[in-house]
Amino acid sequence: MKHQLQKWSAVALSAFLCLSGAHSQMTFVKEGKAVSRIVIADKDSVNRRAADLLQDFVQRISGSALPIVENAKVKKGDIVIGQGSTEGLTEDGFRLATREGVLWISSGGDKGAIYGVVTLLDDYLGVEYYTAHTYTLEKKSTLEIPDLNRAENPSFRYRQTQSYAIQEDPIYKMWFRLEEPREVFADNLWVHTFDKILPSSEFGEAHPEYYSYINGERRPGAASQWCLTNPEVFEIVAHRVDSIFQANPDKKMISISQNDGNFTNCTCPACQALDEQEGGTPSGSLIHFLNKLAARFPDKEFSTLAYLFTMHPPKHVKPLPNVNIMLCDIDCRREVPLTDNVSGQDFMRAMEGWSKISDNIFVWDYGINFDCYLSPFPNFPILQKNMQLFKDHHVTMHFSQIAGSKCGTFTEMRAYIVSKLMWNTQLDVDSLMKQFMQGYYGAAAPYLYQYEKLLEGALLGSGQDLWIFDSPVSHKRGMLNAHCLKRYNELFDQAEKAVADDPDLLDRVRIERLTLQYSELETARAEGGHDVNEIKEKLALFRERAAYYKLPTLNERMNSPLDYCDLYEKRFLPKAEKNYAKNAKITWIEAPSDKYLPEAAKTLTDELYGGTSFVESWIGWEGKNGSFVLDLGQEVDIRVIESDFLHQLGQWVFLPKKVSYSVSSDNQSYQPFGTTDIAEDQSVEVKFFQARSEKQQPVKGRYVKVEIEGVNTCPSWHCGVGHKAWFFMDEIRVN
């Protein structure tokens, strides 16, 4: 989709300059001929990249290339990159200043010169970038700029997103002023580094004491944490850190941070005592450990996670200035700003606590639905407010985790807006949204803007949380109810009609519409009672477009959209066979966990199958086995018994080890019907497993006993090592 349009905003800019009394101070290209040079003082790679970028786009606009010269005597008409006043500029900051017919692009350090060139192109030469290889510009044979004296510093010294466009287009990364961990962190050691630095595969067997003591025993493993009070651990880590920095002499920063997972910190007597001394938070032993490293290497910077069990700060110890706190708001809901709901307020208490003891804070913010990229995620109204909160609390580095895949909800616009805000938190989100939509969707923009605003209002009106492990089904009575879906489809019909003559714009609209189509399929399967032929038509269209646009995945676990379509036909469409278990009575022997118990019997027998998220149509058992008796109401001939289980390791949901069925006519004497042994599965994809037993000759019975043996405790390779494991069960069928 390498589509270029004329940039409408250039006309408005010219009108503004005329009305304000500004006049052209410099001319770069006159009637197709270059009349300026780009002068760089040396072969500094940043200055050269800035010069190349400017030369490239001037040629795209005018057809004329400005020559690039090094160490030349500056003369009138030159554009000088890398020299000029740096007063007041911080890292990545820049100044654009015209003086005596020369344009000076000066830098506060690092990539400031590049960002100065981007601003010149964007605000004065009429170029607007949207996503990878997608931009607008106005072709001109003469290029002029007004008199300038403009300086900018970024709101955050480090700005990172996950946008797929970074990997596809090097200009995109420069244009949106983004950085990547490999540019900053030694050996690309960035978050969840404990097992990379002190691998359990190398030390775990001989030295289990180096790893977390959890629920009564040492549990070395790839997801275990360190015993942070063990002096041998510190010395080994310090030695390895020294080696890493020596091998990466151009880097000054490294991440020494906990492995992924929650409540997996060491609770040995020494670690527990130190954490209790620090107010009962595991960040106590963590910061003591990091401070020792920071003191040993005072010229280096050490980043560590304040994440899940370490989110809240310690009571007494303060991080040294060269300890960077990466604070994560993973558990927060996203429908309102962090100040306005319970989960956000807990995070705010943590951020306020850290900001009192540190001026070196890095916030990892989440603007993505990990379990369902195609579920609407209307969090745009909170973006600016949250970023301003970060800036007000000493946050100097920011990672907004968004747009990692091409399939998503307003993926390109989300990356565009977030990147702009990370540079300047004072920009207006609504203006940015309109600007992006006009350039990227053309005549379809007004309809998509209405769609997004209706989503935002419907979400708030529903009172439903917006979660990063969400499902469209969670919103089937809110922003995705039948009336809302009808209106959204009307708007998309209008949007498609408005750009029907432009294939590129039509593709962009239809890609965004996949979010709505997927949501319709998900809500339909969870409600039941829909016209089956209509659902089949919608599924066929979703399959066709998902294949055509090469959607890579539905979620973080890399589930294929086309596999989803196959699964929908097999799993979610109504079955022809009579199910004797429908609405049957259940008597619990080993009941599900309390939160699932009220709806458990109905959920297992309503013939509605759960999806890839456990938020609906699944019943969970935590850390224990499960068993129950199903009363079919009368004696019948039983040939097949089957039940479904969910595999979703990211949420500590494992397949059970074994599922057994037995049958009785009197609920006293049971005869075995079948057993399914299930092998351990360490794959990250979300999966469904059917435990099915079938007899060649039917067995008479009224009662079916189901017994499930769970994993019960997360194994050493899993991020929940040592803690209770879940298994989730859905529909049981007796045919």
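Two aromatic rings of Phe, Tyr or Trp form a pair if their centres lie within 6.5 Å. In this predicted model, such ring pairs link Tyr130, Tyr172, Phe176, Phe410, Tyr416, Phe436, Tyr440, Tyr441, Tyr451, Tyr488 and Phe492 into a cluster. The structure holds 50 aromatic pairs, and a search of the whole structure finds 52 salt bridges. There are also three cavities of 30 Å³ or more.

**Aromatic pairs**

- Phe410 and Tyr451, both members of the cluster, have ring centres 6.1 Å apart and planes at 50 degrees, so their pair is tilted.
- This pair links distant parts of the chain, 41 residues apart: Phe410 is in the loop between strand S19 (395–401) and helix H14 (411–423), while Tyr451 is in helix H16 (residues 445–462).
- Phe410 has a relative accessible area of 0% and is buried; Tyr451, with a relative accessible area of 1%, is buried too.
- Phe542 and Tyr564 make an edge-to-face pair, with 6.2 Å from centre to centre and 80 degrees between the planes.
- Phe542 belongs to helix H19 (residues 532–548) and Tyr564 to helix H20 (residues 561–572), so this pair ties together parts that lie 22 residues apart in sequence.
- Both Phe542 and Tyr564 are buried.

**Charges over rings**

- Lys300 has its charged end over the ring of Phe245, at 4.9 Å from the ring centre.
- Arg525 places its charged end over the ring of Phe572, at 4.9 Å from the ring centre.

**Salt bridges**

- Asp78 and Arg37 meet through their side chains in a salt bridge of 2.7 Å, N to O.
- Asp78 is in the loop between strand S4 (68–70) and strand S5 (79–81), and Arg37 is in the loop between strand S2 (33–34) and strand S3 (38–40), so the bridge ties together parts 41 residues apart in sequence.
- Asp78 and Arg37 are both buried.
- Asp52 and Arg48 form a salt bridge of 3.2 Å, N to O, and both lie in helix H2 (residues 45–62), four residues apart, which is about one turn of the helix.
- Asp52 is partly exposed, at 32% relative accessible area, and Arg48 is partly exposed as well, at 33%.
- Arg545 forms a salt bridge with Glu496, and their closest N and O atoms are 3.8 Å apart.
- Arg545 lies in helix H19 and Glu496 in helix H17 (residues 482–498), so the bridge ties together parts 49 residues apart in sequence.
- Arg545 counts as buried at 12% relative accessibility, and Glu496 is buried with a relative accessible area of 12%.

**Cavities**

- Empty space is found by rolling a probe the size of a water molecule over the atoms.
- The largest cavity holds about 120 Å³ of space.
- Its lining has 15 residues, and those nearest the centre are Ile368, Tyr373, Ala403, Gly408 and Thr409.
- By class, the lining of the largest cavity has six nonpolar, eight polar and one charged residues.
- The second largest cavity holds about 100 Å³ of space.
- It is lined by 13 residues, of which Leu228, Asn265, Pro282, Ser285 and Phe309 are the closest to its centre.
- The lining of the second largest cavity divides into eight nonpolar, five polar and no charged residues.

Note on methods: Residues are numbered from 1 along each chain as its sequence is written. This is a predicted model: local features need pLDDT of at least 70, side-chain atom pairs count only at pLDDT 80 or more; totals for chains, interfaces and linings use all residues. Side-chain values use heavy atoms; hydrogens and water are left out. Rings of Phe, Tyr and Trp (its six-membered ring) pair if their centres lie within 6.5 Å; planes under 30 degrees apart count as stacked, over 60 as edge-to-face and the rest as tilted. Helices (H or I, at least four residues) and strands (E, at least two) are DSSP runs, numbered from the N terminus. Buried means under 20% relative accessible area, exposed over 50%, partly exposed in between (1.4 Å probe, protein chains only). A charge sits over a ring if NZ of Lys or CZ of Arg is within 6 Å of the ring centre and within 35 degrees of the ring normal. On a 1 Å grid over the protein atoms alone, a cavity is a set of points where a 1.4 Å probe fits but cannot get out, and a pocket is an open set with protein on both sides within 12 Å along at least five of seven lines; lining residues have an atom within 4 Å of a point. Grid points are joined across faces, edges and corners, and a volume is the space filled by probe spheres set on the points. Ala, Val, Leu, Ile, Met, Phe, Trp, Tyr, Cys and Pro count as nonpolar, Asp, Glu, Lys and Arg as charged, and the others, Gly among them, as polar. A salt bridge is a side-chain nitrogen of Lys or Arg within 4 Å of a carboxyl oxygen of Asp or Glu.
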